[in-house]
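These are my notes from a first look through a structure that was new to me. I wrote down each item as I looked it up.

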Amino acid sequence: MKYLIIASLLMAAASIAFSPTPPFTVKGTVSDNTGAAIPGVSVLEKGTGNMTLSDSAGHFQITVTSTNPVLIFSAIGYENKELELTGKSNVRIILTQSLNELEEVVGTGLAPARKRNITGSVTRQTSPAMQLEGMPAGVVIRGASSYRSQNVPSSPGQYDQMYGSRINNFDTEDYDGITENTFLSVRDNPLSTFSIDVDAASYSNVRRYLNNGQLPPAGAVRTEELINYFHYQYPQPANDQPFALHTEISEAPWNKTHRLILVGLQARKLAVEHIPPSNLVFLIDVSGSMDEENKLPLVKQSMKLLADQLREGDKVSIVTYAGAAGLSLPATGGDKKQTIRNAIDALRAEGYTAGGEGIKLAYKIAREHFIENGNNRVILCTDGDFNVGVSSDAALERLIEQERKSGVFLTVLGYGMGNYKDNKMQKLADKGNGNHAYIDNINEAKKVLVHEFGGTLFTIAKDVKLQIEFNPSKVAAYRLIGYENRLLKKEDFNNDRKDAGELGSGHSVTALYEIIPAGIQSDFIEKVDPLKYQNLPTKTTGDGSPELMTIKVRYKEPDKEKSRRFEYPVLDTRTPLEASSPDFRFAAAVAEFGMLLTESAFLQQSSYNSVLALAQSSLGEDPEGYRQEFICLVRKAGSLTITEKERTMNQDIIGQR
């Protein structure tokens, strides 16, 4: 027995002696239960930003740095697997298919295939199971994907009987097409100018599509709004500045020869007790189109949440509109909560949608009770389906532009599905010195109206613009990821008459640039013929400078019309992706997700597995679980994409028979 113990101790000592000490390289292969290689599997060293992907043959190689390293293997359609290395430097991993993900996609119905036209907008093909008899081709039942195929009605009348919905609400959602930003040569376009955007409506709308088992139309995906949905740990501003600027530079995850620049603005966060008194007008759509569970009933729950946040010095009025506009609650003190709740409970949906008349009355009430140096705001709750009176985009924009001169701001809250007018909501918020959120459930209402109360309702800076000048000796070309509908001409930066975005208390804004460093050859940089009459210098004043770029910011105080300006030079730094901050990696993951959803022309090595690896390596502090929820949405989108490809292949096979 004594000899056995001694032998065991010697063997243990030997294994420790021969175990590699970190850092060391681990190689291996990843396959499924049949032995087939799985490409694109994310391999993450737990607790670090260190990660890689398996190649087309399932091979991977990663250098680990932890004392007791654990690798996490994950891929869309497969169960996650963790492996404690305990000295292993060569491993073979077998992943098991995730039945839950497959059942979830099959159970919610196949996502309709998307066809992209030359304008960048999206149309949908209808799968046979989702097409109702007697309905025109291409009309898709929003929400029908949540029922199993045997429950899909065979006619419009049967659908009315089963679910009580109106057939004329199907598939009338409106989204503007988006023309994706391309790479611009710094020699020809050294300045990039845009307005900030703190809206996050696109993210919750995309979530609604994915949770219903559908890929969103490309026009519904505004990548900057996906990124700005999340909180980032940017430092608070010093002194009396309304916001602080933050930058970070690392590799682009989808192309290691390119670099990614994060530019973040962090607004000063005011304690609720320090926010000036509010004069709020709830402008609520009570037309017939709002008579669905995820519309007026959810609006009423949302407004009660907001009413509970009001203080004694605040005032709230309720204006409603259907066939006509009316005052449902005169200005009432914020301490009269039961009176406000009773007025909200009394709301009923019926009639047409005279949205323009409602907007006029709401602004009139807001002006009558205007609080000097206070927070004066109209909060519009609607599906955006205006159909009586002033209803065209142009007419509504002119109306809002006129009304905003009164100093009253606008918050637009979108509700519902099937007839949701996203493009109209965007325009109203942009023209009304306001913000736009999409409320798909009560948790989103809590996020926007409770957790982000100050940021949603109190503006600390308006007409905020950014202008970046790139150093041509450091940067060959750049592209701004997202913000396509926020681009400005370079002359607009100094033009105080040009409207731009607003920044609320505690809000942060994040923008990402993908750059091609000077000296890197790329097909993305389009060539032009040499100029005949211009003698362009071969050297620039940026030669030899350590600066990569200069950021200029211009903004106005909420009650002023004269802007202020400051600038911030950014030095050229080189940080490996795995050493970048969790916030940087997470923002990059969300940007890559947006690129995949819109089928970007600049995907390069992007994949859902890559997004998954980045997001899992950068969860950080996630008290509300928003980042963890994002990972679930990535898995759903990846599974839906796989399902869509399989269906397309099956359709091709059937078509060849």
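**Ground rules.** I am reading a predicted model, in which local features need pLDDT of at least 70 and side-chain atom pairs count only at pLDDT 80 or more, while totals for chains, interfaces and linings use all residues. Residues are numbered from 1 along each chain as its sequence is written, and side-chain values use heavy atoms, with hydrogens and water left out.

**Aromatic rings.** I searched the whole structure for aromatic pairs and found 22; rings of Phe, Tyr and Trp (its six-membered ring) pair if their centres lie within 6.5 Å, and planes under 30 degrees apart count as stacked, over 60 as edge-to-face and the rest as tilted. I looked up Phe60 and Phe73, which form an edge-to-face pair with 5.5 Å from centre to centre and 70 degrees between the planes. Phe60 lies in strand β4 (residues 59–64) and Phe73 in strand β5 (residues 70–74), so this pair ties together parts that are 13 residues apart in sequence; helices (H or I, at least four residues) and strands (E, at least two) are DSSP runs, numbered from the N terminus. I noted that both Phe60 and Phe73 are buried, where buried means under 20% relative accessible area, exposed over 50% and partly exposed in between (1.4 Å probe, protein chains only).

I then turned to Phe470 and Tyr478, whose ring centres are 4.4 Å apart with planes at 20 degrees, so the pair is stacked. Phe470 is buried at a relative accessible area of 1%, and Tyr478 counts as buried at 2%.

I also found a cluster in which ring pairs link Tyr203, Tyr229, Phe230, Phe586, Phe593, Tyr608, Tyr626 and Phe630. The charged end of Lys447 sits over the ring of Tyr229, 4.0 Å from its centre, and Arg627 lies over the face of Phe586, at 4.4 Å from the ring centre; a charge sits over a ring if NZ of Lys or CZ of Arg is within 6 Å of the ring centre and within 35 degrees of the ring normal.

**Helix packing.** I looked up helix α6 (residues 296–307) and helix α7 (residues 337–345), which pack at an angle of about 170 degrees with their axes 10 Å apart; axes are lines fitted to C-alpha atoms, for helices over the stretch in contact, and angles run from 0 to 180 degrees between N-to-C directions. The two helices, α6 and α7, are therefore roughly antiparallel to each other (angles under 35 degrees count as roughly parallel, over 145 as roughly antiparallel, 65 to 115 as roughly perpendicular and the rest as oblique). Lys300, Met303, Lys304 and Ala307 in α6 meet Lys337, Ile340, Arg341, Ile344 and Asp345 in α7, where contact means heavy atoms within 4.5 Å.

**Ser580.** I placed Ser580 in the loop between β25 (564–571) and α13 (582–597), and I noted that Ser580 is buried, with a relative accessible area of 5%. Leaving out residues up to four places away in sequence, Ser580 touches Glu248, Ser250, Thr575 and Arg585.

Most residues other than glycine have a negative phi. I found that Asn373 has a positive phi of about 60 degrees, and that Asn433 has a positive phi of about 50 degrees. Asn373 is in the loop between α8 and β17 (375–382) and is exposed, with a relative accessible area of 62%. Asn433 is in the loop between α10 (422–431) and β19 (434–438) and counts as buried at 10% relative accessibility.
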